[in-house]
Amino acid sequence: MSFKALLLLAHLQAFLIPILIGIKSINRFKQIRFPLLPPLAFISLGLASLFEMFDHTTTDWIYVAHSSIYNWLFYSFLSIGLSFFTISVAKNESIITINILLIIAAVFCYWFLGKSTTLLIQVIISILLISQWWRRFKDWVLFIYPITGVILTTFFGILLSSSGEQIWHVFIGPSGTISVLAFYAVLKRSRKKEIISA
């Protein structure tokens with residue numbers, strides 16, 4: 001298998017797995033406040049990966065730190081997906097409002113304040129997500145997300161940017177997918193727990 005095929009496969013799974021989980025999640029997690037949002041969140045994360053793939057076709061699948069319409073769509077759908085996860089379990093109306101404002105900020109800041117500001121907004125979105133999901137589920141599986149979806153993807157991204165070695169690019173998509181599977185596992189475990197206790 002060529003390196004380009006391996007890279008394509010790593011990105012393809014990061015697109016397909018969240019989409020399939022999103023479809024599978026429809027009408028499944030009625031134990032949370034807004035059960036329609038997790039499927040939309042999973043699908044948004046899949047679409048984010050799709051737009052990242054589109055972006056890579058413009059650079060011949062070589063990672064380039066740049067701004068583009070597809071890169072903007074990647075960050076926008078990533079922000080939407082993570083915020084939808086937070087809103088889905090939030091009981092506090094101010095948390096919902098803050099997340100909606102953060103989505104809007106992430107979408108517009110990319111062009112007006114730069115990608116680094118968008119990344120800072122995503123850190124805030126992630127902190128809110130972890131705090132709200134921990135408050136709702138108290139499931140240690142949740143902490144797979146910051147390890148794989150934040151720390152490892154950032155680590156591999158830094159290695160990729162600093163070294164220029166494209167091999168690190170292969171590990172970013174699967175790290176994100178592990179996070180998606182962790183979210184799904186937390187929802188499934190919560191549903192099973194609440195069915196048993198009912």
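This is a predicted model: local features need pLDDT of at least 70, side-chain atom pairs count only at pLDDT 80 or more; totals for chains, interfaces and linings use all residues.
Local features require pLDDT of at least 70 and side-chain atom pairs pLDDT 80 or more, while totals for chains, interfaces and linings use all residues. Residues are numbered from 1 along each chain as its sequence is written, and side-chain values use heavy atoms, without hydrogens and water.

**View 1. The aromatic pair of Phe74 and Tyr75.** Across the whole structure, 22 aromatic pairs are found (ring centres of Phe, Tyr or the six-membered ring of Trp within 6.5 Å; planes under 30 degrees apart are stacked, over 60 edge-to-face, the rest tilted). One of them joins Phe74 and Tyr75 in an edge-to-face arrangement, with 4.9 Å centre to centre and 70 degrees between the planes. Phe74 counts as buried because its relative accessibility is 14% (buried: under 20% relative accessible area, with a 1.4 Å probe and protein chains only). Tyr75, at 11%, is likewise buried.

**View 2. An aromatic cluster.** One cluster is formed by Phe29, Phe42, Phe85, Trp133, Phe137, Tyr145, Phe183 and Tyr184.

**View 3. Packing of helices H4 and H5.** H4 spans residues 93-112 and H5 residues 115-137 (helices are DSSP runs of H or I, at least four residues, numbered from the N terminus). Their axes lie 9 Å apart at an angle of about 160 degrees (lines fitted to C-alpha atoms over the stretch in contact; angles run from 0 to 180 degrees between N-to-C directions). H4 and H5 are therefore roughly antiparallel (over 145 degrees). Contact residues (heavy atoms within 4.5 Å) include Ile98, Leu102 and Tyr110 of H4 and Ile121, Ile125 and Gln132 of H5.

Terms used: Buried means under 20% relative accessible area, exposed over 50%, partly exposed in between (1.4 Å probe, protein chains only). Helices (H or I, at least four residues) and strands (E, at least two) are DSSP runs, numbered from the N terminus. Angles under 35 degrees count as roughly parallel, over 145 as roughly antiparallel, 65 to 115 as roughly perpendicular and the rest as oblique.
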